[in-house]
Amino acid sequence: MLASGGCWALAVSQGWADCNGKNLLYAPSSLPRNITGLDLSFNSLVMPRHGTLLMHFPSLHSLNLSGNALLTLSPAVFSNLGALRLLDVSSCSITSLHTDTFKGLESLHTLLLRNNSLQELEVPFFLPLRGLLHLDLRSNVLLSVDASTLQLMEAVPEVQLDGNPWVCDCAAHPLQQWLKRRQAMQVTCASPPELWGQDIAALDSQDLGCQKKQRFPRDVSPGQLTTATHNDTTTVPVGKGGRSWPYLVGFLVTAISISILVALVAKCKLCHKNFVSYHHRPLPETSSIGGNPMEEGLGWDRGSSGWGDSESHPMPNVTSLQAEDDDGFIEDNYIQPSEQLQEEEEEERQSHLSI
């Protein structure tokens with residue numbers, strides 16, 4: 001049965017419409033709404049900037065858009081095709097994929113993206129594709145792929161990456177490990193020249209130019225990478241926080257300990273200084289030894305000679321000596337020994353007797 005636009009619509013029981021190579025700009029609106037398969041390959045389809053591509057065919061299970069110059073796929077362009085299981089967008093000159101390009105395709109099993117111009121793969125691109133079983137990325141211009149994207153592709157049983165100009169340097173180490181685990185896939189290097197054509201999985205870290213002690217990020221699960229919401233996708237930090245408080249506690253304990261030690265050292269120095277300043281001999285009191293010997297000697301001389309007080313020679317007394325230092329302590333070089341005092345008293349007696 002020939003539908004409008006030159007498309008062949010097969011029996012409704014088969015549910016398939018073939019519109020291959022008809023130079024169509026849009027999908028024919030006259031096709032049955034309940035078809036499950038639609039081939040629109042090698043046409044000149046115009047992709048809408050906003051909204052969905054095929055809003056009249058919600059029951060599609062298979063859609064072939066290969067050979068159309070789509071260039072870019074707008075966000076949520078397939079969001080109304082919730083039952084879609086196979087999507088072929090090969091050879092469409094696609095250079096990049098928006099984060100929400102495949103939003104709403106939770107039932108998609110096969111995604112064919114071969115022979116395009118994709119240069120990189122971003123993690124959010126895979127998030128809506130929870131049921132994906134086959135991903136074909138052959139013959140693009142992929143140079144490298146990060147560890148997070150590879151971790152998400154672990155859940156896809158069949159992934160095809162050959163035909164890309166992979167750069168085999170140390171950044172390709174996660175890819176080398178991933179390919180090694182897959183075993184059945186053979187992906188070769190395109191550069192540097194000395195590694196051209198070699199199987200990436202067969203190389204080791206030294207072949208890739210990595211240092212021996214260089215560390216690589218650990219694999220993380222998709223649940224740690226992102227948290228999907230109904231309206232947007234929010235990236236969640238991979239690392240664990242809240243581990244800085246032990247360092248803060250250690251710093252505070254160290255600072256307090258050092259402060260206490262400084263205070264103790266300062267106090268010890270002060271106590272030592274006070275101890276040294278009071279380390280003197282106390283001055284002996286005259287009353288404890290029965291009076292001043294010099295005064296007694298002077299009184300005896302006066303009584304024996306009969307001279308009055310007016311004619312006696314002035315003598316230094318102990319009171320005048322004590323007046324010079326009344327603090328109760330006396331230094332060693334200030335007090336003369338008792339033997340020297342006795343000699344002075346003897347000389348005074350001799351001088352009185354001669355007079």
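Which residues make a nonpolar surface patch of about 400 Å²? The patch is made by Ile256, Ile260, Leu261 and Leu264, and one of these, Ile256, has its place in helix 4, which covers residues 245-277. Ile256 is exposed, with a relative accessible area of 52%. As a general rule, nonpolar side chains in soluble globular proteins tend to be buried together.

**The chain as a whole**

The model described here is predicted. The chain averages a pLDDT of 75, and 66% of the residues score at least 70. Over residues 219-242 the pLDDT is below 50, although this stretch has 27 contacts in the model beyond near neighbours in sequence. The pLDDT is also below 50 over residues 328-335, a stretch with 13 contacts in the model beyond near neighbours in sequence.

The chain has 7 helices and 14 strands, and buried residues make up 31% of its 355 residues. Among contacts with a separation of 6 or more, 51% come from residues 24 or more positions apart. The accessible surface of the chain comes to about 22,300 Å², and carbon and sulfur atoms account for 56% of that area.

**The nonpolar core and a buried serine**

The largest nonpolar core has 65 residues, of which Leu63, Phe78, Leu87 and Leu111 touch the most other members. Helix 1 and helix 2 are the elements that give two or more residues to this core. When residues up to four places away in sequence are not counted, Leu87 touches Leu63, Leu65, Phe78, Phe102, Leu105, Leu108, Thr110, Leu111 and Leu112.

Ser62 is found in strand 4, which spans residues 62-64. Ser62 counts as buried because its relative accessible area is 18%, below the 20% cut-off for that term. Leaving aside neighbours within four places in sequence, Ser62 is in contact with Trp16, Thr36, Gly37, Leu38, Leu84 and Leu86.

**Helix 2 and its cover**

Helix 2 runs over residues 173-182, and its buried residues are His173, Leu175, Gln176, Trp178, Leu179 and Arg182. What covers them includes helix 1 (147-153), strand 10 (158-160) and strand 11 (166-167). Within helix 2, Gln176 is buried, with a relative accessible area of 1%. Not counting residues up to four places away in sequence, Gln176 touches Ile200, Ala201, Leu203, Asp204 and Leu208. Helix 2 is followed by Gln183, whose phi is positive, near 65°.

**Salt bridges**

| Residue with N | Residue with O | N to O separation |
|---|---|---|
| Arg114 | Asp136 | 3.1 Å |
| Arg138 | Asp136 | 2.8 Å |
| Arg181 | Glu154 | 2.8 Å |

The side chains of Arg114 and Asp136 meet in a salt bridge. This pair links distant parts of the chain, with Arg114 in the loop between strand 8 and strand 9 and Asp136 in strand 9, 22 residues apart. Asp136 counts as buried at 1% relative accessibility, whereas Arg114 counts as partly exposed at 30%. Arg138, which forms a salt bridge with Asp136, is partly exposed, with a relative accessible area of 25%.

The side chains of Glu154 and Arg181 also meet in a salt bridge. Glu154 lies in the loop between helix 1 and strand 10 and Arg181 in helix 2, so the pair ties together parts that are 27 residues apart in sequence. Glu154 counts as partly exposed at 29% relative accessibility, and Arg181 counts as partly exposed at 43%. Salt bridges that share partners join Arg114, Asp136 and Arg138 into one network.

**Backbone features in loops**

Most residues other than glycine have a negative phi, and most peptide bonds are trans. Ala76 has a positive phi, near 55°, and its place is in the loop between strand 5 (72-73) and strand 6 (86-88). At 21% relative accessibility, Ala76 counts as partly exposed. Asn115 has a positive phi near 60° and lies in the loop between strand 8 (110-112) and strand 9 (134-136). Asn115 is partly exposed, with a relative accessible area of 44%.

A cis peptide bond joins Ser191 and Pro192, with omega about 0°. Pro192 is found in the loop between strand 12 (189-191) and helix 3 (222-225).

Notes:
Residues numbered from 1 in each chain as written. Predicted model: local features only at pLDDT ≥ 70, side-chain atom pairs only at ≥ 80, totals over all residues. Heavy atoms only, no water. Patch = residues over 30% accessible without salt bridge, like charges linked within 9 Å, V, L, I, M, F, W, Y side chains within 5 Å. Areas by Shrake-Rupley, 256 points an atom, 1.4 Å probe, with all protein chains shown as cover. Salt bridge = Lys/Arg side-chain N within 4 Å of Asp/Glu carboxyl O. Helix = DSSP H or I, 4+ residues; strand = E, 2+ residues; numbered from the N terminus. Buried < 20%, exposed > 50% of the residue type's maximum accessible area, 1.4 Å probe, protein only. Contact = heavy atoms within 4.5 Å. pLDDT = per-residue confidence, 0-100. Core = buried A, V, L, I, M, F, W, Y, C linked by side-chain atoms within 4.5 Å.
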